[in-house]
Amino acid sequence: MASRSLVSQVKHTKLFYNAYFYLGSSFIRLLKLFVKPNNHLIVFSSFSGKSYDDSPRAIYEGMIKDHRFDDYELVWDFRDPQKYDIERGSKIKTDTLNYYITLLKARLWITNVSMYRGLDFTGINSYVFNTWHGSAIKKIGIDVKGGDGFVSKAKQKRGDVMLAQGQYDVERFSHAYEMPRQSVLAFGLPRNDELVHNNKPDIINKLKTHLGIAPNKKVILYAPTYREYLRDNKKNSIFSLPINIGKWEENLSSDFVILFRAHPDVVKVLNIVENDFVKDVSTYPHVNELMLVSDLLISDYSSIFFDYSILGRPMLCFAYDYDQYNSTRGVYFDIREELASENLSDENILMDTILKLNWEERCKISIVFRNKYVESFGDATEKSLDYFCEIMKN
């Protein structure tokens, strides 16, 4: 807790951050003079070392099966390395001296966020492949109002290339992160290949059994966006659940099960009581499995809509606080209109919509959304591995 408080102070206090930025960047640049590059070293990181997941994991698991990479040293960055067992690769701890030395040496960084830790440096001969972690409904990069020290000092450094799911992403990312359009590659997201390859009845039935869901129940995945601005004066989350679970259980439990997925900070204050109707899956490690097992997605301003649309299943936008969210956080477009959810302003209307849902029509709306925003999916891992083979020649 003390360490987290210190990080927060450095990140959000101008004096502390300036000292960290200039001294830290200078030290890494000096260190660079004493490090030799390793052109057969590849470093992986997911969410700044917080997990073994997302597109970096998909690429890694594809790479260790690909004989073209047999001679490469593969290293994962983790904040808590002891929590993870990694096949074939080795592990390093985030923010240690070894972390920076490894980045400086490596030929390739594969990540889904930034690995610079708010500093300004580059590797000796490093190519940074940023898969990113979703398409943008909420504003990102230079389009966000304000911003903290990490954003302003590090100048939005994201890498040599970023991945995109379609031309919408290409336009948003290139502008928000001030990258050339040709540096945003519309391969799709490697993590989403699984949504194509594992969308099979036998796999879905096994997932239902694993999650303790009765085979005759339809599954609703409710995944509200994290509202980072809803905090008290001690920076604690004060988000409250916008639905009455008891009322939903009374009306929906005969046919449905709800999987509730929210940000960990939010779950701590909500204290969801689980039963046969509602299951708290906020810490479930594989969100793709939750999407695969679900018949209907409900969210608001989350990029999960883009991913879930690959399945072609119904999606509802429950944006009960749209005006507040748009004025405070900012959005690029009105997701309610895209998903024909303009009238879903309170839980009673939403619940009634679920009960009377025209499943076939809602699937069509999802497919129209997918065709507009998610042009590439299903083979992003393969495209990425082929791309690496080309750039590693140089």
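Predicted model: local features only at pLDDT ≥ 70, side-chain atom pairs only at ≥ 80, totals over all residues.

Now show the whole of helix 9 (residues 245-252) and helix 15 (residues 347-355); their axes sit 11 Å apart, at an angle of about 20 degrees. Angles under 35 degrees count as roughly parallel, so that's what helix 9 and helix 15 are to each other. Their crossing is right-handed.

Next stop: helix 2 (residues 14-32) with helix 4 (residues 97-105), where the packing angle is about 55 degrees and the axes are 10 Å apart. That angle makes helix 2 oblique to helix 4. The crossing of this pair is right-handed too. For the side chains, pick Y20, F27, I28, L31 and K32 from helix 2, which meet L97, Y100, I101 and L104 from helix 4. By class, this contact holds 8 nonpolar residues, 1 charged and no polar ones.

Which residues have the most contacts inside the largest nonpolar core? Select L259, F305 and I335; the core they belong to has 50 residues. Zoom in on L259: leaving aside neighbours within four places in sequence, L259 touches I213, V219, I220, L221, Y222, K279, V281, L290, V293 and S294. Apart from that core lies another one, of 29 residues, so finish by selecting some of its members, among them F44, V161, L163 and L185.

Notes
Residues numbered from 1 in each chain as written. Heavy atoms only, no water. Core = buried A, V, L, I, M, F, W, Y, C linked by side-chain atoms within 4.5 Å. Buried < 20%, exposed > 50% of the residue type's maximum accessible area, 1.4 Å probe, protein only. Contact = heavy atoms within 4.5 Å. Axes fitted to C-alpha atoms, helices over the stretch in contact; angles between N-to-C directions. Helix = DSSP H or I, 4+ residues; strand = E, 2+ residues; numbered from the N terminus. Parallel < 35°, antiparallel > 145°, perpendicular 65-115°, else oblique. Left-handed = near helix turned anticlockwise from the far one by under 90°. Nonpolar A, V, L, I, M, F, W, Y, C, P; charged D, E, K, R; others polar.
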